[in-house]
Structures are given as structure tokens and as C-alpha cells.
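I opened a notebook for a structure I had not looked at before.

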Amino acid sequence: MNFYETMYIVHPILELGRLHDLILETEKIIKEKGGEVLYTKVIGKKRMAYPILKQKFGTYILVQYKSDGLKNNEFSLDMEHNPNILRQMIITINESDETKVNVNGGAIALGHPIGASGTRILVTLIYEMQKQNKKKGCATLCIGGGMGIA
């Protein structure tokens, strides 16, 4: 079994009841595909870096789960075909990193003002290191077009 994290952005018009139903539906799909949900967190409604389907805001939800990974493509398609989900991303988490990776959500959840991505990510890392009393941390960025920096 591998560990996975999915961040998805839900249409901002969904309120608590309907949002809760969507979260339960998503968890049910993961279970039907042979996965085991470990953690779900509603990060909240945030302004997106750019409009998606003419929406400037979205509700960010993080779910971590165990799965063999064979049905991740099907799960991804199920998410894409749901009109209430604006965007989603699945990543693999190493078992040893399960409790250390993206403790405040990933890049989608953090958001950033244009031209200040590095500052936003570093300051978030510094605050989290202080909160956890850690001496070492790692922040990475990528640039569109495939030019990566760290």
C-alpha cells in the first residue's frame, strides 16, 4: 500500500450541508476503489491565484489515504467529472514522510500573491518550523515551462 494526498477545490457556492455530502461522497469513492481514508481536512474558502471556471474563490479540501494506486486514474476521472469540483491533484507520499509532508496543505492550499511565491512559501515554512520547534526545513518551487528551482 502507498500513501496519497489529494487536494481538491470545490465550487464556492456549496455550503456546509452540501459540502459535507461531497466530502462523504469523495471518501466513499476512495473506499470503493480499495483505498482507506486516513485524514480529511476542510482548509476553507480561499481566493484562488487565477479564476477557474469563472470562479475567483474555492473551498479547499485535503484528503490523505492508503491505496495500492491501481485505481488512482479512475478516482481522478471521477473527481474531474464532478461539476462541483473545480480542480484536484493527487500526489504520492512516502510512508516515512506521512506525518511531515504539507502539514498546512500543499501549494494549491497556500495560495500566493503574484510575484511573491518564494516569500509566501518560506515564511509559511519558518512559522511552521517555529511551531514544531524544528531546526531544518525544505521549501521548493517550480516555474511554469519546467524550469525547477529549490
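Entry one. I looked up Leu53 in this predicted model and found a relative accessibility of 62%. The cut-off for exposed is over 50%, so Leu53 counts as exposed. Its place is the loop between β2 (36–52) and β3 (55–67). I then checked the backbone: Leu53 is not a glycine, yet its phi is positive, at about 50°. I noted for reference that most residues other than glycine have a negative phi.

Entry two. I asked which loop holds Asn133. I found Asn133 between α4 (117–132) and β5 (141–142). Asn133 also has a positive phi, about 55°, without being a glycine. Its relative accessible area is 67%, and I wrote it down as exposed.

I turned to the packing. The largest nonpolar core has 15 residues, and I listed Tyr8, Val10, Ile61 and Phe75 as the ones that touch the most other members. At least two residues of this core come from each of β1 (2–10), α1 (16–32), β3 and α2 (72–80). Which element gives the most to this core? I found that α1 does, with five residues.

I picked Ile61 and looked up what it touches, leaving out residues up to four places away in sequence. Among its contacts are Thr6, Met7, Tyr8 and Val10, along with Leu19 and Ile23. Ile61 also touches Thr40, Lys41 and Val42.

Key
Residues are numbered from 1 along each chain as its sequence is written. This is a predicted model: local features need pLDDT of at least 70, side-chain atom pairs count only at pLDDT 80 or more; totals for chains, interfaces and linings use all residues. Side-chain values use heavy atoms; hydrogens and water are left out. Helices (H or I, at least four residues) and strands (E, at least two) are DSSP runs, numbered from the N terminus. Buried means under 20% relative accessible area, exposed over 50%, partly exposed in between (1.4 Å probe, protein chains only). A nonpolar core is a set of buried Ala, Val, Leu, Ile, Met, Phe, Trp, Tyr and Cys residues joined through side-chain atoms within 4.5 Å. Contact means heavy atoms within 4.5 Å.
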